[in-house]
Amino acid sequence: MLRNREFEDYLLMRVKENDDSRTKDAMAYSLMNGGKRVRPILLFSVLEGYGMDARVGYPCACAIEMIHTYSLVHDDLPAMDNDDLRRGKPSCHKAYDEATAILAGDGLLTKAFEVVLDSDCSAEQKVALVKALAWYAGVDGMIYGQTLDLAAENDKNPTLALLQEIDHYKTSKLLTLPLVCGCILANKFDDVESFRKIGLVLGLEFQMQDDILDVTRTEEELGKSTSDEENHKVTAISLLGLKGAQDMVASYDETIRKELSKVSCDVTSLTKVLDTLLKRTY
């Protein structure tokens, strides 16, 4: 993905502002550790489609990226996936220590709600943004997906329906969030439902691509541990095989393109992002 240097500077400024601490250093280590910035780019593309400057979305995109990063920091912990590698570097708890990693995740999550309130929009829109962050990232959103994912490790007969439910919450929710937030910032609430549908399928497609990459690429190429098989996690490959998973990705992509025709913004930029995601190799 093409990184926005100005936005990267904004991220670093927000995560490091005010007093220094070891926790804040760990927060910055994880946030600035070479992520693809998929969620910010999706938000900026929606804003561009509505004829708005991407900078309007910097606070919200920063908040979403902080929430995403916190989830990865906690996912990598020994009590969760126990992964030592993230984005090609030692996981936060390996670079620092387990207690600091827990605090860094907590810090990123809570900082996100402070940052999003700096969005240049009305008070009503800010309330809607905060509610969206809490809903999509919370116990009825991403965290529920993580709960299902952990429980599925002990499921002796996993199904495709179970996998899709896990991916719906664990992955789709945080990919839907920037699309919905773009509508809120643009004050285009009529498009929210279509973007929710797009985000749901995009998350299923994105996670299935991850499962494919986990068996077709090395840890060095991906910059992360490929621990799903070791952790007995249900994946698209274990259920469908490689060819079946690839065919389903193509089907998901077709569904997304059809739904894009229903939104009121120019989707040229967003379509380019989706094309890039479809062809990604890491």
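# Exercises on a predicted model

With 282 residues, a compact globule would have a radius of gyration near 19 Å, and the chain agrees at 18 Å. That radius is taken over C-alpha atoms, and the globule rule is 2.2 Å times the number of residues to the power 0.38. This is a predicted model: local features need pLDDT of at least 70, side-chain atom pairs count only at pLDDT 80 or more, and totals for chains, interfaces and linings use all residues. Residues are numbered from 1 along each chain as its sequence is written, and side-chain values use heavy atoms, with hydrogens and water left out.

## Exercise 1: the chain

Describe the extent and burial of the chain.

- Step 1. Take the box along the principal axes: the C-alpha atoms fill roughly 50 × 50 × 30 Å.
- Step 2. Look at burial: 54% of the 282 residues count as buried (under 20% relative accessible area; exposed is over 50%, partly exposed in between; 1.4 Å probe, protein chains only).
- Step 3. List the elements: 13 helices and two strands. Helices (H or I, at least four residues) and strands (E, at least two) are DSSP runs, numbered from the N terminus.

## Exercise 2: the cavity

Find the largest cavity and state what lines it.

- Step 1. Search the whole structure: one cavity of 30 Å³ or more turns up. On a 1 Å grid over the protein atoms alone, a cavity is a set of points where a 1.4 Å probe fits but cannot get out; lining residues have an atom within 4 Å of a point.
- Step 2. Give the volume: about 70 Å³. A volume is the space filled by probe spheres set on the points, with grid points joined across faces, edges and corners.
- Step 3. Name lining residues: among them are Tyr29, Thr69, Asp76, Arg87 and Cys92.
- Step 4. Assign elements: α2 (22-31) and α4 (58-75) each supply at least two lining residues. α4 gives the most, with three.
- Step 5. Sort the lining: five nonpolar, four polar and three charged. Ala, Val, Leu, Ile, Met, Phe, Trp, Tyr, Cys and Pro count as nonpolar, Asp, Glu, Lys and Arg as charged, and the others, Gly among them, as polar.

Notes: 1 Å grid on protein atoms, 1.4 Å probe; cavity = no way out; pocket = protein on both sides within 12 Å on 5 of 7 lines; lining within 4 Å.
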